[in-house]
Amino acid sequence: MNPPALEVADVSKKFRLYRERPSSLKARLIHSRMRAEDFWALRDVSFDIPEGSSLGLIGHNGSGKTTLLKIVAGILRPTSGMVRQRGRLAALLELGAGFHPELTGRENVYLNASFLGLSRRETDAAYDGIVAFAELEDFMDNQVKFYSSGMLVRLGFAVAVHVDPEVLLIDEVLAVGDEAFQAKCLDRIRQFQRDGRTIVLVTHALDTVTQICDRAVMLHHGEVHAAGAPADVVREMRHVLLGTTDPGFVPEEGTRQAEIASVELIWGSGSSETAMRRGDGLTIQVDVRTNEPVADLDVDFQILDGATNHAVLDSRTSSHGISIARFDGKKRVRFRIGSFPYTAGKYWVTVGLSSRETGRLYHVQTQRYGFDVVDAVRIQDRIDVPVDVEVEDL
Amino acid sequence: MRGGAGTVVRTSEPSKLRVRRRVREVYARREVLLNLVRKELKVKYTASFLGAMWSLLNPVVFLAVFTFVVKITNSSFAHFPIYLLSGLLAWNLFSVSLAGGARSVIDNANLVKKVAFPREVLPLSAIGVALVDFVLQTAVLLLFILVSGYGIHLPELAIYPLAFATLLVFTLALTFWVAALNVRYRDIQHLLNIALLVWFWMTPIVYSGFLVQDLLSGRSVLGVSLWGLYLANPLAPVVMGFQRALYGVVLPAGADRPVLPDVSLAWLAVVLAIVLVASVVFLLYTWRRFFELSGDFAEEL
């Protein structure tokens, strides 16, 4: 087996946070001992990345992802520990690093490419591909100060994906451009993977991690909180992410007399992608399975705004006057929302099974499911949203 | 980002500077250096009609103005414009490099924080920009020397490479130093401006080197020869070297006293060689300092 392309061993990083930085000699002389606080951005972080694999690095803001990436890239020095890297490495910490507004698109391509480690000849060879990828054929001789931000980002990414490293570090730069361009970027990443390159991807887009990474590492307050299969780590991440704003958070609980077998979110269009447009119809389809006969099942859901963690919409079978009779086996419950009216953003869905009589929980999956709404105006208040319910035997 | 397919290990220890290896690393990323110099020049002259012509215009105007001034004031200083420019261009290379070098790291903070590359590239690019101006302006001066009929003084010109090498090494050493220190103490760039002003007048650029020699020779304070002390300013022998190479004559025809210090070419060469060796040692020190501090630039900015 090949040695790992990247070894991170017990890496810790301490930052000194000065109340006021002694950035002049005078300050330095007068306050010979500055008041400083130590902040550990990373503590004993270790993991290996096998050659040719893709690792997703996730964690909430301030968890140390970017610091770690900078240490791996050689921009920051670890306070202790070691990073061993084999092969040529390129780090995309910022798209279009060093772009200068006064220079033309063409000149900036060469400048930026040299920062990413391309020689002039390599850039010459890649130039047409870069321009085509960015779709900026007609603008390369314009100064980039006349570019729109979207054009800048496209050009930056186009250069970035034409570098030819064995190890590629990407920090949160995929979430750029319109959907078509994003798809193009993801394609390019997949191409890198097929070519057997090693990729470390830092991102907030958890779905991207499950889609393209072989493994994921979750950092939490500078420590490795979870590592392993992307789906598991992402699930853990969702729990922790929401758990921090809700201390009483329990991801899954209940007596399991009845269980949630599966939950599916289906849009009006019939697709079950994770993104929808405001105003689309949404159906939450809950399949229930009993472990012993249940006589008083009540099925409910709640939708939370991911930004505020407030419930924006909920409903339950009993409030619609539906009394599910005693049964043993499987049932399917569909909550139909004619038109989901809320603003663009992330939403979480909690689904619960409980007793109509006692309120006792059979099974609750708290914020286990999520979806994104794109393109909308923000509605702050709770509003009345009609929900239809239907129950069928399976 | 170290090129090649080797293994790179990063630890908490600031790695020791290994000059040969580091030179190779910087050379491997020469594209960044060239592009930065190109960028600086481009930005400097962008949206200006004459572009790089401005660089050339500067010495042309100097030559014209001083030729005129010398004429109307009936100054006894023979060929003052050539004397002035041969020293001034060397000084400009030095001071422009230092001023640009001091700001080079902080001006490129965004790059330093986001991209890994040998940080030496930043002060080097400041020197590169100054060097381009120097070459253009020296070409103007040489043209003037030839066209005006002043002519080249051949044995003296041989000292030019030595003076130039000494200037370059000393400039490099000091630029690395101020670039690294300025990241932590922003006072350095203000201090530098004042220091350069004093330094300029401590160097025989505008006034005749012989005057200083005449004034200070034989005098000493606490057993230290004042003329020796004056020459301890590395820029003094360097500028004298440039003047000797281009102005050429110690005692111009018809003048009642020498313009350049009355020393032999060999003596000047020896002094320059000593300064060169000392500058190399100084460079090794400042480069090491820069190298050690550069690991923390991304954090300090």
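This is a predicted model: local features need pLDDT of at least 70, side-chain atom pairs count only at pLDDT 80 or more; totals for chains, interfaces and linings use all residues.

Reply: Residues are numbered from 1 along each chain as its sequence is written, and chains are lettered from A and ligands numbered from 1 in the order in which they are written.

The covered face of β16(A) consists of Lys331(A), Val333(A), Phe335(A) and Ile337(A), and the uncovered face of Lys330(A), Arg332(A), Arg334(A) and Arg336(A). Strands here are DSSP runs of E with at least two residues, helices are runs of H or I with at least four, and both are numbered from the N terminus.

β16(A) belongs to an open sheet of four strands, in the order β11-β13-β16-β19 of chain A, with antiparallel pairing. Two strands count as paired if DSSP finds at least two bridges between them. β11 (258–267) and β19 (387–393) of chain A are the edge strands; each has a single partner, so one side of each lacks a neighbour in the sheet. From one strand to the next the twist averages 15 degrees, where axes are lines fitted to C-alpha atoms (for helices over the stretch in contact) and angles between N-to-C directions run from 0 to 180 degrees.

On one side, β16(A) is joined by eight bridges to strand β13 (residues 282–290) of chain A, running antiparallel. Here Phe335(A), a residue of the covered face, has Ile284(A) opposite it. Seven bridges connect β16(A) to β19(A), again antiparallel. Ile337(A), also of the covered face, has Val387(A) as its bridge partner in β19(A). From the uncovered face, Arg332(A) is bridged to Glu392(A) in β19(A).

Chain A has a further open sheet, with six strands in the order β5-β6-β7-β3-β8-β9 and mixed pairing. Its edge strands are β5 and β9 of chain A, each of which pairs on one side only. Neighbouring strands of this sheet are turned by 15 degrees against each other on average, with direction ignored. Strand β3 (residues 54–58) of chain A runs parallel to β8(A), and four bridges join them.

The loop between β8 (215–220) and β9 (223–228) of chain A holds His221(A). Phi of His221(A) is near 50 degrees, a positive value in a residue other than glycine. This residue is partly exposed, with 14 other C-beta atoms within 10 Å. By the cut-offs used, a residue is buried if 20 or more other C-beta atoms lie within 10 Å of its own, exposed if 12 or fewer, and partly exposed in between, with C-beta atoms placed from the backbone. Glu135(A) also has a positive phi, near 55 degrees, and lies in the loop between α4 (120–134) and α5 (149–161) of chain A.

Then there is the contact with chain B, to which chain A gives 39 residues and chain B 29 residues; two residues are in contact if their C-beta atoms, placed from the backbone, lie within 7 Å. On the side of chain A, β4(A) supplies the largest share, six residues. β4(A) also runs antiparallel to β1(B), with five bridges between them. One pair across these strands puts Gln85(A) opposite Val8(B).

As for confidence, the model scores ipTM 0.79 and pTM 0.73. Chain B averages a pLDDT of 88, and 97% of its residues score at least 70; pLDDT is the predictor's confidence in each residue, from 0 to 100.
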